[in-house]
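Please look through the structure below with the points of this note beside you. They are meant for a reader who is meeting a protein model in detail and would like to check each remark by eye.

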Amino acid sequence: LRSRLGVTLERHRVPIAGGALALVLHLPEPSAAPCVVACHGLNASKDGDKYHLLADALPAAGLAVARFDFRGCGESSGVEAETTIGSRIADLEAVLAFLGAHPRLDGRLGLLGSSLGGFVALHVAAVRGLPVVSWNAPASLTELANDDLEEGRGLGIPFALEYATGRYALAPAGVPGHLIVHGAADEVVGLAHGVTLHERAAEPCELVVIPGADHRLTDPDHRQRAIAVSRDWFVRLLSAPG
């Protein structure tokens, strides 16, 4: 627990079956706040630059930020090759349950996910009715599944078996409160995915295309643009009275 520039930083371990998830919570002071939960993508962690920038920007707008490592990633227990979409959803649900009981949060929650983290966030948002922002997220896992299993980039047999059932092959349709942020030059998850997500979302929804941006939003200006529009979206949907 430490405080910096009016923001309190807490480190937690969230219990899950067989282990725990590492979570860092950035709390604006002094009152209870809504919280945005950041979900990283494949072969990534809560400690990526994007999530640190997010954790700097949102508390200044009165929003708490929770960044965590899915099991098998970063400081969480487990092995990433043994994870599935279902296990990631379970991880996010455990984090949301933990945050729902936190005395410094007011119970209002939003989700932000990058790439596969956005796909996972959409599935949870669809069930819980939460506002959600996706950065360069896939509308379908078909290409990812085929490419990843050939290249062995982190998804293993459990994912392949789950994908074969079709349960999580597609992002859910009809999700309201969805802001889609997509790089026009995304070389991993093409812009067509973002367009499809927007077509399938329910109002309020918006598609922001960042010209020249790649999958990781490598250019600092592209990252700042993604963070700015995301902050404004959550302020609009989470900070309104009631």
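The numbered points below go from the whole chain to single residues.

1. Please keep in mind throughout that this is a predicted model. The protein has seven helices and nine strands, and its C-alpha trace spans about 50 × 40 × 30 Å along the principal axes.

2. How does the radius of gyration of the protein agree with that of a compact globule? For 242 residues a compact globule would have a radius of gyration near 18 Å, and the protein, with 17 Å, agrees with this. Buried residues make up 53% of the 242 residues. Among the contacts with a separation of 6 or more, 70% are accounted for by residues 24 or more positions apart.

3. A search of the whole structure finds two aromatic pairs. In one of them Phe-68 and Phe-70 are arranged edge-to-face, with 4.8 Å from centre to centre and 65° between the planes; the angle counts as edge-to-face because it is over 60 degrees. Phe-68 is buried, with a relative accessible area of 0%, and Phe-70 is also counted as buried, at 1% relative accessibility.

4. The other pair is formed by Phe-159 and Tyr-163, which are stacked, with 6.2 Å from centre to centre and 20° between the planes. In general, an α-helix has 3.6 residues a turn, so residues three or four places apart point the same way. Is Tyr-163 buried or partly exposed? At 22% relative accessibility Tyr-163 counts as partly exposed, because buried would mean under 20%, whereas Phe-159 is buried, with a relative accessible area of 1%.

5. Helix α2 (residues 85-100) has 16 residues and reaches 22 Å from its first C-alpha to its last, close to the 22 Å expected at 1.5 Å a residue. At the start of α2, a side-chain oxygen of Thr-84 reaches to within 3.2 Å of the backbone nitrogen of Gly-86.

6. Is Cys-39 buried or exposed? At 0% relative accessibility, Cys-39 counts as buried.

7. Ser-140 is found in the loop between β7 (132-135) and α4 (142-151). The side chain of Ser-140 makes a polar contact with the side chain of Thr-142, at 3.0 Å. Beyond its neighbours within four places in sequence, Ser-140 is in contact with Ala-169, Leu-170 and His-193. At 17% relative accessibility Ser-140 counts as buried, because the cut-off for buried is under 20%.

8. Asn-136, which lies in the loop between β7 and α4, has a positive phi of about 50° although it is not a glycine, and Asn-136 is buried, with a relative accessible area of 1%. Ser-115, in the loop between β6 (105-114) and α3 (116-128), has a positive phi of about 55° and is likewise not a glycine; at 14% relative accessibility Ser-115 counts as buried.

9. Which two residues are joined by a cis peptide bond? The bond joins Glu-203 and Pro-204, with omega at about -5°, and Pro-204 has its place in strand β9 (residues 202-210).

Note on methods. Residues are numbered from 1 along each chain as its sequence is written. This is a predicted model: local features need pLDDT of at least 70, side-chain atom pairs count only at pLDDT 80 or more; totals for chains, interfaces and linings use all residues. Side-chain values use heavy atoms; hydrogens and water are left out. Rings of Phe, Tyr and Trp (its six-membered ring) pair if their centres lie within 6.5 Å; planes under 30 degrees apart count as stacked, over 60 as edge-to-face and the rest as tilted. Buried means under 20% relative accessible area, exposed over 50%, partly exposed in between (1.4 Å probe, protein chains only). Helices (H or I, at least four residues) and strands (E, at least two) are DSSP runs, numbered from the N terminus. The expected span of a helix is 1.5 Å times one less than its number of residues. A polar contact is a pair of N or O atoms within 3.5 Å; within protein, one must be able to donate a hydrogen and the other to accept it, and residues adjacent in sequence count only if both atoms are side-chain atoms. The radius of gyration is taken over C-alpha atoms; the globule rule is 2.2 Å times the number of residues to the power 0.38. Contact means heavy atoms within 4.5 Å.
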